[in-house]
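Here's a walk through one protein chain, from its overall layout down to a few individual residues. Have the coordinates open while you read.

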Amino acid sequence: MSLGGVGWGWVKGVSTLRVGSWNIGTLTGKSIKLAKIFQKRKINIACVQETRWVGSKARDADGFKLWLSGRERSKNKVGILVERDLRELVVEVRRVINRLMSIKLVMGGSTLNVISAYAPQVGLDEEIKSRFWGELDGLVRGHPHTEKLFIGGDFNGHIGAASGDYEGVHGGFGFGVRNGGGTSLLDCAKAFDLVIANSYFPKREEHLVTF
């Protein structure tokens with residue numbers, strides 16, 4: 001699930017900046033395979049969730065620079081990959097908690113903030129949930145309105161098939177029935193003038209699967 005959408009002019013020969021998000025829990029330790037998938041899809045910046053990797057320093061990942069959310073060994077961490085041509089444009093990295101981090105890039109006179117997020121699942125301690133949403137709220141509120149914002153993550157919620165009262169936020173290409181987590185996500189997007197980017201294009205039926 002991604003919030004926002006990013007369009008740029010020419011930046012280092014890139015006419016369109018493509019930012020994506022993926023929960024990679026099934027790709028333990030396969031950062032090179034992951035990088036090749038993003039290269040094939042022409043993704044410039046990728047938010048990843050449920051990583052098993054650890055580290056507080058950036059690492060090379062086959063053409064991408066990978067930043068991780070911390071050293072603690074936990075499957076609930078997040079990361080952000082930036083392709084080689086753009087990595088020198090990263091001016092700030094913030095590791096907030098295992099489930100939340102952000103980077104800032106200055107590109108062609110514009111500034112982009114990218115947040116990678118992994119919301120707590122149903123059944124986890126309310127304190128964990130409260131801290132996550134509080135920290136995310138602080139990150140979003142803290143970025144200047146003159147800067148672009150993209151949030152890529154797994155928010156463990158379903159926004160439903162129809163936009164309902166969220167026209168302009170929900171593009172109408174969701175699926176299933178909206179639940180509490182999905183409503184919270186839609187309310188957050190509406191409050192900060194964001195959109196649920198991947199609800200604005202249709203998906204193949206075989207991709208509309210949740211476990």
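## The chain at a glance

Keep in mind that this is a predicted model. The protein chain has three helices and 10 strands, and if you read along the sequence they come in the pattern β-β-α-β-β-β-β-β-β-β-α-β-α.

Of the 211 residues in the protein chain, 46% are buried. The accessible surface comes to about 11100 Å², with 49% of that belonging to carbon and sulfur atoms. As for contacts between residues at least 6 apart in sequence, 57% join residues at least 24 apart.

## The five-stranded sheet

Five strands make an open sheet with mixed pairing, and the order is E2-E3-E6-E5-E4. At the edges you'll find strand E2 (19–23) and strand E4 (59–61); each has a single partner strand, so one side of each has no neighbour in the sheet. From one strand to the next, the twist averages 25°.

Now go through some of the pairings. E2 runs parallel to E3, with five bridges between them, and Gly-20 stands opposite Ala-46 in E3. E3 then pairs with strand E6 (residues 77–83) in the antiparallel sense over six bridges; here Gln-49 has Val-78 in E6 as its bridge partner. E4 and strand E5 (residues 64–68) are also paired in the antiparallel sense, over three bridges, and Ala-61 has Phe-64 in E5 as its bridge partner.

How many residues of E3 are buried? Seven of the seven are, so E3 is largely enclosed by the rest of the structure.

In soluble globular proteins, nonpolar side chains tend to be buried together. Here the largest nonpolar core has 20 residues, and the ones with the most contacts inside it are Leu-100, Ile-115, Phe-132, Leu-136, Ile-151, Phe-155 and Ile-196. The elements giving two or more residues to this core are strand E9 (110–118), helix H2 (126–142), strand E10 (148–154) and helix H3 (180–191). H2 supplies the largest share, with four residues. Apart from this core lies another one of 19 residues, and Cys-47, Val-82, Leu-89 and Met-107 are among them.

Leaving out residues up to four places away in sequence, Ile-115 touches Cys-47, Leu-100, Met-101, Ser-102, Leu-136, Leu-139, Val-140, Leu-149, Phe-150, Ile-151 and Gly-152.

## Aromatic pairs

The structure holds four aromatic pairs. In one of them, the rings of Phe-132 and Trp-133 have their centres 5.1 Å apart and their planes at 85°, so the pair is edge-to-face. Are these two residues buried or exposed? Phe-132 is buried, with a relative accessible area of 0%, while Trp-133 is partly exposed at 29%.

Elsewhere, ring pairs link Trp-22, Phe-38 and Phe-64 into a cluster.

## Positive phi and a surface arginine

Most residues other than glycine have a negative phi. Which residues go the other way? Lys-42 is one of them, with phi near 60°, and Asp-193 is another, also with phi near 60°. Lys-42 lies in the loop between helix H1 (31–40) and strand E3 (45–51), whereas Asp-193 is found in the segment after H3. Lys-42 is exposed, with a relative accessible area of 59%, and Asp-193 is exposed as well, at 72%.

Finally, take a look at Arg-141, in helix H2. This arginine is exposed, with a relative accessible area of 59%.

Conventions: Residues numbered from 1 in each chain as written. Predicted model: local features only at pLDDT ≥ 70, side-chain atom pairs only at ≥ 80, totals over all residues. Heavy atoms only, no water. Core = buried A, V, L, I, M, F, W, Y, C linked by side-chain atoms within 4.5 Å. Buried < 20%, exposed > 50% of the residue type's maximum accessible area, 1.4 Å probe, protein only. Contact = heavy atoms within 4.5 Å. Areas by Shrake-Rupley, 256 points an atom, 1.4 Å probe, with all protein chains shown as cover. Phe/Tyr/Trp six-rings, centres within 6.5 Å; stacked < 30°, edge-to-face > 60°. Pairing = 2+ DSSP bridges. Axes fitted to C-alpha atoms, helices over the stretch in contact; angles between N-to-C directions.
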